[in-house]
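Here is a quick tour of the model you have open.

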Amino acid sequence: MTKPEDQLEIGNKIFQSRLFIGTGKYSDNETMVGAIRASETAMVTVAVRRVDLDRTKDEGILFHLDPDEFFLLPNTAGCYNVKDALRYANLARAAGFSEWLKLEVIGDESTLLPDTQATIEAAKILVADGFKVMAYTNDDLITALRLEDVGCVAVMPLASPIGSGLGMVNPYFIREIKRRCEVPIIVDAGVGLASHACITMEQGVDGVLMNTAIALAEDPVMMANAMRLAIKAGRYSYLSGGMQAREIAVPSSPAKGMLD
Amino acid sequence: MASESDKIQAKVNGENRGISKGLSIFKFLESLDLNPLLVVVELNAVIISRERFSEIEICEGDQVELVHFVGGG
């Protein structure tokens with residue numbers, strides 16, 4: 001149940017879920033679809049790659065995912081410069097589903113951290129060209145503000161490196177990004193467990209995008225369920241205005257009325 | 001039986017390939033058993049809209065990229 005007043009809106013589109021799911025790394029397509037359904041996600045990411053001409057049938061993800069049922073967010077994963085990111089973005093748009101894009105421009109192969117300067121530059125060009133850009137970035141406030149300035153519909157700082165499963169390493173900066181940006185903040189990458197997803201949502205961010213955490217769980221469908229619940233739990237925990245932690249015990253039962 | 005002279009050489013997804021002379025993109029995709037609605041075609045670094053698949057022929061030395069959506073994060 002999502003309260004109507006707590007709907008997520010990105011780029012004038014309402015999303016019924018705050019959990020976004022990647023479609024990579026699943027052992028098989030049936031499990032992937034099962035996990036996506038269990039997650040009740042409102043948007044799934046896909047990548048753009050060459051058709052494998054040696055085994056063409058049944059390979060593309062659209063054989064398994066109905067674009068009418070699942071809103072597709074193509075990414076520019078694997079791109080290391082502005083030119084490649086623009087090329088992949090245009091190929092993705094030419095597929096004919098939408099102008100939405102998850103922009104990634106990677107700056108380092110070992111950490112997969114973003115090239116923030118190239119990301120901002122690419123975002124500026126793509127927004128001017130009519131794309132709705134959701135930009136993957138690091139947990140740097142200034143980059144997040146610049147991405148918002150150039151017109152991204154959402155800013156997507158990482159919780160920790162892509163595929164690491166380390167969870168949120170820098171909650172302070174994620175909170176600061178959320179406080180300072182007006183566009184939705186979707187934490188993208190690094191979540192490994194449902195507890196991480198919950199803690200991430202408790203920072204007040206608008207949503208979480210994850211892939212490996214679900215795809216590489218022993219039971220991806222069960223993990224997708226766990227993530228769905230964790231995202232809701234974290235969201236409600238944040239909205240409820242939790243108590244201030246204090247390093248002192250305070251009894252929950254009245255001191256008054258004890259027997260002599 | 002098509003002779004070698006009926007074929008042109010093009011680079012498709014990075015690999016050299018002999019293709020029948022005069023083959024449109026649409027017919028080429030058909031020959032590969034690919035659904036034109038699910039494939040995006042880039043010809044010499046220019047994206048070709050689906051409406052033009054039937055009218056554009058693949059020529060000698062062309063660089064053809066056939067891409068589609070796959071699983072990704």
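Let's start with chain A, which has 8 helices and 10 strands. Its radius of gyration is 20 Å, close to the 18 Å that the globule rule gives for 260 residues, so chain A is as compact as a globular protein of that length. Keep in mind that this is a predicted model.

Some overall numbers for chain A:

| Feature of chain A | Value |
|---|---|
| Box filled by the C-alpha atoms, along the principal axes | roughly 85 × 40 × 40 Å |
| Buried residues, of 260 residues | 47% |
| Contacts between residues 24 or more positions apart, of those with a separation of 6 or more | 63% |

Now zoom in on helix H2 of chain A, residues 82-94.

Which residues of H2(A) are buried? They are A:Val82, A:Ala85, A:Leu86, A:Tyr88, A:Ala89, A:Leu91, A:Ala92 and A:Arg93. An arginine, A:Arg93, is on that buried list along with alanines such as A:Ala85.

Chain B has a mean pLDDT of 92, with 95% of its residues reaching 70 or more. Where pLDDT is low, the predicted coordinates should not be read in detail.

Technical notes
Residues are numbered from 1 along each chain as its sequence is written. Chains are lettered from A and ligands numbered from 1 in the order in which they are written. This is a predicted model: local features need pLDDT of at least 70, side-chain atom pairs count only at pLDDT 80 or more; totals for chains, interfaces and linings use all residues. pLDDT is the predictor's confidence in each residue, from 0 to 100. Helices (H or I, at least four residues) and strands (E, at least two) are DSSP runs, numbered from the N terminus. The radius of gyration is taken over C-alpha atoms; the globule rule is 2.2 Å times the number of residues to the power 0.38. A residue is buried if 20 or more other C-beta atoms lie within 10 Å of its own, exposed if 12 or fewer, and partly exposed in between; C-beta atoms are placed from the backbone. Two residues are in contact if their C-beta atoms, placed from the backbone, lie within 7 Å. The expected span of a helix is 1.5 Å times one less than its number of residues.
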